[in-house]
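Subject: Model handover and findings

Hello,

Here is the model I promised to pass on. Please open it alongside this message.

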Amino acid sequence: MNNYKALNKTTANFSALTPLSLLQRSAKVYPDKDAVIDADLVLSYGELYQRCCQMGDALKRRGINAGDTVAILSPNSYEMLESHYSVPMAGAVINTINIRLDAATLAFILGHGEARVLFYDTAWENVVRAAVADLEVQPLLISIESKAGVSDGLAQQDYESLLMEGDAKASWQRPDDEWDAISLNYTSGTTGNPKGVVYHHRGAFLAAMTNSMVFEMTPETVYLWALPMFHCNGWAYTWAITAVGGTHVCLREVDPMAVYRAIETHGVTHMCGAPVVMNMLLQELGREGLTLSRPTQFALGGAAPPSSVIRKAEEIGFQITHLYGLTETFGPSALCVPQPEWQALPLEQRALKMSRQGVSTHGLDEVVVLDVVNAEPVPADGKTLGEICIRGNTVMKGYLKNPEETANAFSHGWFHTGDLAVMHPDHYVEIRDRAKDVIISGGENISSLEVEEVLYRHPQVSEAAVVAMADEKWGEVPCAFVSLIEDSKAIAPEEIIKFCRELMPHFKAPRKVVFGELPKTATGKIRKNILRDSLSQ
Ligand code: ADP
């Protein structure tokens with residue numbers, strides 16, 4: 001028997017995987033190629049790499065080290081893209097924050113993540129001012145001066161002047177360990193406070209590689225950033241586009257006509273988005289009678305595409321790739337791989353095949369459906385319901401400072417998604433229901449418990465339960481079922497909605513309020529399935 005184990009890892013044949021090396025490579029291979037286009041500004045790969053190294057050095061000079069968090073609150077922009085490289089180049093962890101959050105949630109995230117620096121777009125200065133007022137430890141505030149202009153006295157410095165503090169010739173060092181954290185993404189789970197999902201360098205590298213394979217990207221790829229980069233690091237496409245040496249095109253706001261103009265002007269080949277973005281686009285382009293001058297690949301995630309969407313999308317010039325994933329899996333973890341013979345099927349049948357969540361991406365070992373009681377695989381019969389469970393290298397490290405939720409999520413050696421599905425005989429999974437208390441509205445997660453907590457603060461509310469209600473535009477919106485305390489005066493649904501809107505981001509407030517007795521189990525639990533069913537009748 002040969003002693004293969006005697007051959008060792010050396011620096012010649014082993015290094016920590018990190019997506020930072022992908023930028024370094026593209027800067028060597030394509031120094032003058034457009035890396036990022038943000039309105040009138042264009043940076044080549046050479047320039048992007050140099051600026052990221054310089055900002056990484058500037059952060060280090062400011063005392064930012066391994067294990068520190070640098071947060072950023074910005075729409076899609078070149079600064080946002082740069083931060084995906086510069087922050088880890090300093091050895092730190094990038095925490096991208098959803099721009100739709102209110103000051104209280106922002107304060108929670110900055111405090112929980114212990115952000116030492118916050119880059120923020122000045123358009124969000126008011127919410128930042130309110131959030132940091134409550135923080136015990138103040139992050140260094142660095143303004144990104146875009147549309148809204150200069151900071152009104154809040155920021156210590158602006159982004160470009162901080163960059164200038166770095167050495168223009170600085171380089172970076174690979175992390176010692178590929179398991180080191182690279183990013184922190186807060187997601188609303190089933191509990192009120194968001195959970196901090198931590199990604200590792202290894203997973204980010206592998207997600208970048210597999211995402212480019214999944215989406216068949218090449219150096220000719222021109223990618224339109226309609227999906228927010230703050231959402232799971234743009235489903236890891238912030239690193240994937242760079243991996244192939246494609247061009248990132250930034251879009252600040254998702255306005256359908258702006259998307260159309262960007263596609264036509266820059267020759268966009270690929271983009272991602274939630275179904276709400278696709279619907280808005282199809283409606284507006286359909287109304288205007290516009291079609292694309294060449295096909296654009298659209299990776300749709302967050303919900304299954306219905307056949308009407310597939311048909312309209314194809315008429316206008318979009319080709320749909322259906323992705324499934326979660327924040328905990330670096331975004332995409334499954335894709336519905338199209339089989340060549342599907343093309344010959346009538347649209348309705350093809351749509352049925354395409355609307356399944358599919359098979360695992362390359363960076364994972366397996367995506368399976370397990371029985372919720374004994375964690376054994378369910379039969380591949382397209383009928384037996386179980387939970388989608390995932391294992392492999394593009395699964396998070398865990399939830400920051402939350403060992404209990406981390407252990408729950410990883411029980412039986414699998415990551416539990418909380419999505420209920422069947423396994424088809426061809427090994428494609430299909431979601432049928434959701435076990436977790438999450439409402440997904442326009443691609444944003446809303447924890448039903450969080451909305452309930454606000455409802456319970458209303459002096460006249462005795463009991464409250466919030467469930468998802470189907471909505472044509474947003475996919476789902478929160479619907480509240482409320483019982484009032486005895487002898488309380490009648491109250492209008494609008495009053496409850498207004499009350500919620502004052503205490504939480506508007507998109508999380510219920511759209512509909514139904515008053516009445518709440519159905520309960522024998523042990524007194526509210527039967528949300530009955531409430532859900534009542535909405536679909
Ligand atoms: P992201 O941040 O990428 O939106 P979240 O963690 O917020 O991910 O939401 C993930 C949830 O969205 C999944 O657990 C699932 O319930 C739902 N989801 C994602 N993709 C799909 C899909 N293709 N079809 C149906 N549901 C989906």
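This is a predicted model: local features need pLDDT of at least 70, side-chain atom pairs count only at pLDDT 80 or more; totals for chains, interfaces and linings use all residues.

Residues are numbered from 1 along each chain as its sequence is written, and side-chain values use heavy atoms, leaving out hydrogens and water.

**Domains**

The chain is divided into domain 1 (45-201), domain 2 (254-434) and domain 3 (438-535). These bounds come from an automatic or database domain assignment.

The centres of domain 1 and domain 2, taken over C-alpha atoms, are 29 Å apart. In domain 1, 17 residues are in contact with 14 residues of domain 2 (contact: heavy atoms within 4.5 Å). The two domains bury about 1300 Å² between them, with 59% of it on carbon and sulfur atoms. Buried area here is the accessible area (1.4 Å probe) that two parts lose on being put together, summed over both. On the domain 1 side, Lys-195, Tyr-199 and His-200 lose the most area to domain 2, together 39% of what that side buries.

The rule finds two salt bridges across this interface (a side-chain nitrogen of Lys or Arg within 4 Å of a carboxyl oxygen of Asp or Glu). Lys-195 also forms a salt bridge with Glu-405, the closest N and O atoms being 3.8 Å apart. Eight residue pairs are in polar contact between domain 1 and domain 2, both residues at pLDDT 80 or more. A polar contact is a pair of N or O atoms within 3.5 Å; within protein, one must be able to donate a hydrogen and the other to accept it, and residues adjacent in sequence count only if both atoms are side-chain atoms.

Strand S8 (181-187) and strand S9 (195-200) are the elements that give two or more residues to the side of domain 1 that touches domain 2. S9 gives the largest share, six residues. Helices (H or I, at least four residues) and strands (E, at least two) are DSSP runs, numbered from the N terminus.

**Cores**

The largest nonpolar core has 109 residues, and Leu-73, Phe-119, Val-128 and Tyr-237 touch the most other members. Such a core is a set of buried Ala, Val, Leu, Ile, Met, Phe, Trp, Tyr and Cys residues joined through side-chain atoms within 4.5 Å. Buried means under 20% relative accessible area, exposed over 50%, partly exposed in between (1.4 Å probe, protein chains only). Helix H2 (residues 45-61) supplies the largest share of this core, eight residues. Domain 1 and domain 2 both give residues to this core, so it lies between them. A second, separate core of 34 residues includes Leu-224, Ala-226, Ala-258 and Cys-336.

**Single residues**

Most residues other than glycine have a negative phi. Ala-236 has a positive phi near 70°. Ala-236 sits in the loop between helix H8 (232-235) and helix H9 (237-244), and is buried at 0% relative accessible area. Ala-375 also has a positive phi, about 55°. Ala-375 lies in the loop between strand S17 (364-370) and strand S18 (386-392), and is buried at 17%.

Thr-321 is in strand S14 (residues 318-326) and counts as buried at 14% relative accessibility. Val-29, in helix H1 (residues 20-29), counts as partly exposed at 42%.

Best wishes
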